[in-house]
Amino acid sequence: MTLRRRRRRRRRRRSHVMLASSSSSVQVNHAARVRRSSRRAASVASRRVVAAAAADRQELCKAEIPPHIPRADFVKQMYRWCSSEYEQGGLSAYGKRMSVECINELADGDTNGVLVRIYDFKDGKEVEIGQLIAQMDDEKVQTWDTIVPTKEGGIEKLNRDGKDHFIEGRFFVISRPLPADESSNPALKKMIKRLTLAINAYYSFGSPFSEDF
């Protein structure tokens, strides 16, 4: 084999390697764009849930959550309970199919509420007939870590570091968007009764899944 032929073969091999490397780079860049696009789509979907939950609504009832209860854990457990009670058992227990979503509104990604969608058939098609929203409000609640007696015989609440501390959320508010489809009322009444019992179970036993209620 002549020297010229060997050099030509080497050049061809180099060009193949460069093309393969370029192709891999294009595939990686495309995958990165797909991931970014997926993240943007997920972010938009999250904002849509928040926007729907922020619409005008009718307050049905609310429960004050004591300051010592961790808000993030409480809402997460209520979401799990709602998924089990409504999404999995909605048709058998309430006669309606339901779906459950988190309402994401906190900066750290934690949810502060639950959105339950209620469905029924109209004119042969399944449509959404109502929503139940259970969400912490944004009221600031002051907290203390120390209680000391006063000379007058009373007590004084304070923090060891001498600073004021607050947590967000005084009430767990149960509501529905307006205008409302009245055909969802029978199911909503039963749902709210069960939900308030689940909240009381969390107070008493640390879990809404307690069988005692």
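**View A. Glu85 is a buried residue that forms a salt bridge with Arg194.** The relative accessible area of Glu85 is 16%; buried means under 20%, exposed over 50% and partly exposed in between, with a 1.4 Å probe and protein chains only. The model is predicted, so local features need pLDDT of at least 70 and side-chain atom pairs count only at pLDDT 80 or more, while totals for chains, interfaces and linings use all residues. Residues are numbered from 1 along each chain as its sequence is written, and side-chain values use heavy atoms, with hydrogens and water left out. Arg194 counts as partly exposed, at 30% relative accessibility. The closest N and O atoms of Arg194 and Glu85 are 3.4 Å apart. A salt bridge requires a side-chain nitrogen of Lys or Arg within 4 Å of a carboxyl oxygen of Asp or Glu. Helices (H or I, at least four residues) and strands (E, at least two) are DSSP runs numbered from the N terminus.

**View B. Arg97 has two side-chain partners, a salt bridge to Glu126 and the ring of Tyr119.** The closest N and O atoms of Glu126 and Arg97 are 2.9 Å apart. Strand β4 (residues 125–136) holds Glu126 and strand β2 (residues 97–104) holds Arg97, and the pair links these distant parts, 29 residues apart. Both residues are partly exposed, Glu126 at 35% and Arg97 at 37%. Arg97 also lies over the face of Tyr119, 4.3 Å from the ring centre; such a placement needs NZ of Lys or CZ of Arg within 6 Å of the ring centre and within 35 degrees of the ring normal.

**View C. Arg117 and Glu101 meet in a salt bridge.** The N to O distance is 2.5 Å. Because Arg117 lies in strand β3 (residues 111–122) and Glu101 in strand β2, the pair ties together parts 16 residues apart in sequence. Arg117 is buried at 15%, whereas Glu101 is partly exposed at 22%.

**View D. Phe74 and Tyr202 belong to an aromatic cluster with Phe172.** Four aromatic pairs are found in the whole structure. The ring centres of Phe74 and Tyr202 are 5.1 Å apart and the planes stand at 75 degrees, so this pair is edge-to-face. Rings of Phe, Tyr and Trp (its six-membered ring) pair if their centres lie within 6.5 Å, with planes under 30 degrees apart called stacked, over 60 edge-to-face and the rest tilted. Phe74 is buried, at 0% relative accessibility, and Tyr202 is buried at 6%. Another edge-to-face pair is formed by Trp81 and Tyr86, with ring centres 5.5 Å apart and planes at 85 degrees. Trp81 and Tyr86 are buried.

**View E. Arg71 is buried without a salt bridge.** Arg71 is placed in helix α2. Its nearest side chain of opposite charge is Asp137, 7.1 Å away; Lys and Arg count as positive and Asp and Glu as negative, with His and the chain ends not counted. Beyond neighbours within four places in sequence, Arg71 is in contact with residues including Ile65, Pro66, Met136 and Ile167, where contact means heavy atoms within 4.5 Å.
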